[in-house]
Amino acid sequence: LWVVRGSPPTYVLLWGIILNTAMGCFLRIFKDVETNCSIYTLWLQARQVCGIIHRAATSWNLSYFVSKWASVWETYAKVVKHMQQQTEKKVMLSGIKPSGDLTLGSYLGAIKNWAARAEEFECYYFMADLHSITVRQNPADLRRRTLEQLAQYIACGLDPEKNTLFIQSHVHQHAELGWVLNCYAMFGELSRMTQFKDKASKNADNINGGLFTYPSLMAADILLYQPDYVPVGEDQKQHVELTRNIVQRFNGIYGDVFKMPEPYIPKVGARIMSLTNPEAKMSKSENEDTGRVCLMDDPAVIMKQFKRAITDSDRENCVRYDPEHKPGVANLMNIYAAVTGKSYADIEREFDGQGYGVFKPAVGEAVVECLRPIREEATRMMADKAYLESVYRAGAEKASRVAQKTLRKVYKKVGFVAL
């Protein structure tokens, strides 16, 4: 278009016919393979420009062409801007298992930070239901929690228009690449995973193969989307390191197939511990953690949990940040800092000279007000099943297009015959 802008009207009309026809052919190709949703959208927008020229050309209506010229260049500018945004954005991906109710730890450690990144990153977030079945699940409860988790994701600020939200089992490429990567993860690496040892000790009657090899599936979850960053808690960093080992091993054999992902660990609220056992991470399972706070808990339940939170026997200057000697207090300060935005020094000044009888209810009240709008919006959304279905269907379609591009390349590299 820039080339023909200064050309005589006849040449412009001729080019409009040629470009519009060519783009129609390309659109049919992209619709079949759709290797990248943003490319497909770009072509749709670009064809709008040429469609105007084509209509003017077929009718030889120059007045129509002139009247629409401003619209042509306005649309062209949008196309260029869209292309620049897509090339500039880096990719980020993460997911949480719907094996229990989402907790305050899930929100402060991960989901709260995700919402703010949509403007900077191309984000993919999913309900990791495939990972959930390494521990026996009640099927009805798993389905319910999966939809509840999606509703809570959106209520926490993850806009489906800006983020790709999907259910892991809806994108078959996860399981397929997971098997391939199993063949490039070493036995010794998998056996050193601390979460395998932890889960195996808690589920001695169900130490299954999936529990041992799930880090390979986690690597597939990540690598299908070629992300630059993976937001994880400190306890999940080991899995990203394993993924990086697999990338290095696979790329060393077949060339640059996977992008090397980097772990992204937030500084505040990155790891929220149990209120009754500050040495352990807050768990989504009630059987594993009586000191958890769930996003959908009533305010009275939340206040009760904080009032019975473990601290220590200090009487003077008791509210101070000392994770080594005062883990319970440090955990409460972590939570208070994350929901209020205050620094540890500010919190120490605020509660200087006051005991835990004042501090613990104050933390509880701050959490209640933080979670109130999330609980109300998630409850409203769960009543609209049609909307939730539209979100996870659209998310799965986009995720599958992107994932298939990576999987196709992997299958070609390892020697599978294309269908």
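Helix H13 (residues 327–340) has 14 residues, which at 1.5 Å a residue should span 20 Å, and its end C-alpha atoms are 20 Å apart, so the two values agree. The expected span is 1.5 Å times one less than the number of residues in the helix. The model is a predicted one, in which local features need pLDDT of at least 70 and side-chain atom pairs count only at pLDDT 80 or more, while totals for chains, interfaces and linings use all residues. Residues are numbered from 1 along each chain as its sequence is written, and side-chain values use heavy atoms, with hydrogens and water left out.

Because 12 of its 14 residues are buried, H13 is largely enclosed by the rest of the structure. Buried here means under 20% relative accessible area, computed with a 1.4 Å probe on protein chains only. Among the buried residues of H13 are Val329, Leu332, Met333, Ile335 and Tyr336, together with Gly328 and Asn331.

| Covering helix | Residues |
|---|---|
| H4 | 104–115 |
| H12 | 299–307 |
| H14 | 344–350 |
| H15 | 356–382 |

Just after H13, Gly341 adopts a positive phi of about 85 degrees.

**Helices H6 and H16**

The axes of H6 and helix H16 (residues 385–414) come within 11 Å and cross at roughly 85 degrees; axes are lines fitted to C-alpha atoms, for helices over the stretch in contact, and angles run from 0 to 180 degrees between N-to-C directions. H6 is therefore roughly perpendicular to H16, a term that covers angles of 65 to 115 degrees. From H6, Leu147, Leu150, Ala151 and Ile154 meet Lys385, Tyr387, Leu388, Val391 and Tyr392 of H16. By class, this contact has eight nonpolar, no polar and one charged residues; Ala, Val, Leu, Ile, Met, Phe, Trp, Tyr, Cys and Pro count as nonpolar, Asp, Glu, Lys and Arg as charged, and the others, Gly among them, as polar.

**Thr134**

Thr134 lies in the loop between helix H5 (129–132) and helix H6 (139–155). Thr134 is buried, with a relative accessible area of 11%. Its side chain reaches the backbone oxygen of His131 at 3.0 Å. Leaving aside neighbours within four places in sequence, Thr134 is in contact with Asn206, Asn208, Gly210, Leu211 and Tyr214.

**The protein as a whole**

The protein has 16 helices and five strands, which are DSSP runs numbered from the N terminus (helices H or I, at least four residues; strands E, at least two). Buried residues make up 48% of its 419 residues.

Technical notes
Buried < 20%, exposed > 50% of the residue type's maximum accessible area, 1.4 Å probe, protein only. Polar contact = N/O pair within 3.5 Å; in protein donor to acceptor, adjacent residues only side chain to side chain. Contact = heavy atoms within 4.5 Å. Parallel < 35°, antiparallel > 145°, perpendicular 65-115°, else oblique.
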